[in-house]
Amino acid sequence: MDSSTKTSSRQLTFLGEDRLESISLIDKREVLVRDLFVGYVESVIESSFPEIFMDFGAPESEQFPALIARDLDFKTWCDEVGFQAVFHIIMAAGGAYRPCGEYLEKMVAVLGGQFEVTAWENLNTFKQYPDLSNELASKCQAMEIQHERFGDFDANSLLGIQILDGIRKGYGLEQYKPGARISLRKELREHFGYA
């Protein structure tokens, strides 16, 4: 879905072309064509994969709440097609904190407690903002949503640079040098339950 930024397409190349698809749901006016989303999801449900992950770019994310709030009884639709939707929202600190927080609040409001929502705190961006980290944790507790953390490595260290470069290039674990691979495995194990 990230056809506007192509971030996921680049970072997930290690999955292989048969497991990765990029589509545009944005028209010439930069507006989400919401019925295309519905049609696409209905077609993907019939795939052989047990789980499907969708990464929305910024333009798609911005308009997704309108799909849920105005266009479609989203819960009824998910139930009808046998689709369990889980929402993972990445939270960054600094100048991005306020817009991330506003988006999180908007999504939680339109989802109305009918879906699982997890706010993922990017620890690398929150390191200099411990008060914002505490604020986010309190917000999540008040909204009764899950709060998780990831990115617990120094982006300016050699291993951190190798990890981020590998992510940008779409490396699989086996493509990292041993030190970076061990650090990344630790991150995946501690924050994502990946063995």
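Strand β2 (residues 116-122) pairs with β3 in the parallel sense over 5 bridges. Pairing here requires at least two DSSP bridges between two strands. Within this pair, Trp120 has Glu148 of β3 as its bridge partner. The model is predicted: local features need pLDDT of at least 70, side-chain atom pairs count only at pLDDT 80 or more, and totals for chains, interfaces and linings use all residues. Residues are numbered from 1 along each chain as its sequence is written, and side-chain values use heavy atoms, with hydrogens and water left out.

The sheet is open and has 3 strands in the order β1-β2-β3, with parallel pairing. Its edges are β1 (86-91) and β3 (146-150), each of which pairs on one side only. From one strand to the next, the twist averages 25 degrees.

Two helices are described against this sheet. Helix α5 (residues 97-111) lies across β1 and β2 and runs at about 165 degrees to β1. Helix α7 (residues 130-143) packs on the sheet and touches β1, β2 and β3. The direction of α7 makes about 150 degrees with that of β3. Contact means heavy atoms within 4.5 Å. Axes are lines fitted to C-alpha atoms, for helices over the stretch in contact, and angles run from 0 to 180 degrees between N-to-C directions.

Overall, the secondary structure of the chain comes to 9 helices and 3 strands. Both are DSSP runs numbered from the N terminus: H or I of at least four residues for helices, E of at least two for strands. Along the sequence the pattern reads α-α-α-α-β-α-β-α-α-β-α-α. Among contacts in the chain with a separation of 6 or more, 65% join residues 24 or more positions apart.

The chain exposes about 11,900 Å² by the Shrake-Rupley method with a 1.4 Å probe. Carbon and sulfur atoms supply 51% of this area.

The largest nonpolar core has 31 residues. Such a core is a set of buried Ala, Val, Leu, Ile, Met, Phe, Trp, Tyr and Cys residues joined through side-chain atoms within 4.5 Å. Phe37, Phe64, Phe74, Phe87, Met91, Leu104 and Val117 have the most contacts inside it. At least two residues of this core come from each of α2 (34-44), α3 (58-71), α4 (74-81), β1, α5, β2 and α7. The largest share, 6 residues, is supplied by α5. Another core, of 6 residues, lies apart from this one and includes Phe153, Ile163, Leu173 and Tyr176.

Methods: Buried means under 20% relative accessible area, exposed over 50%, partly exposed in between (1.4 Å probe, protein chains only).
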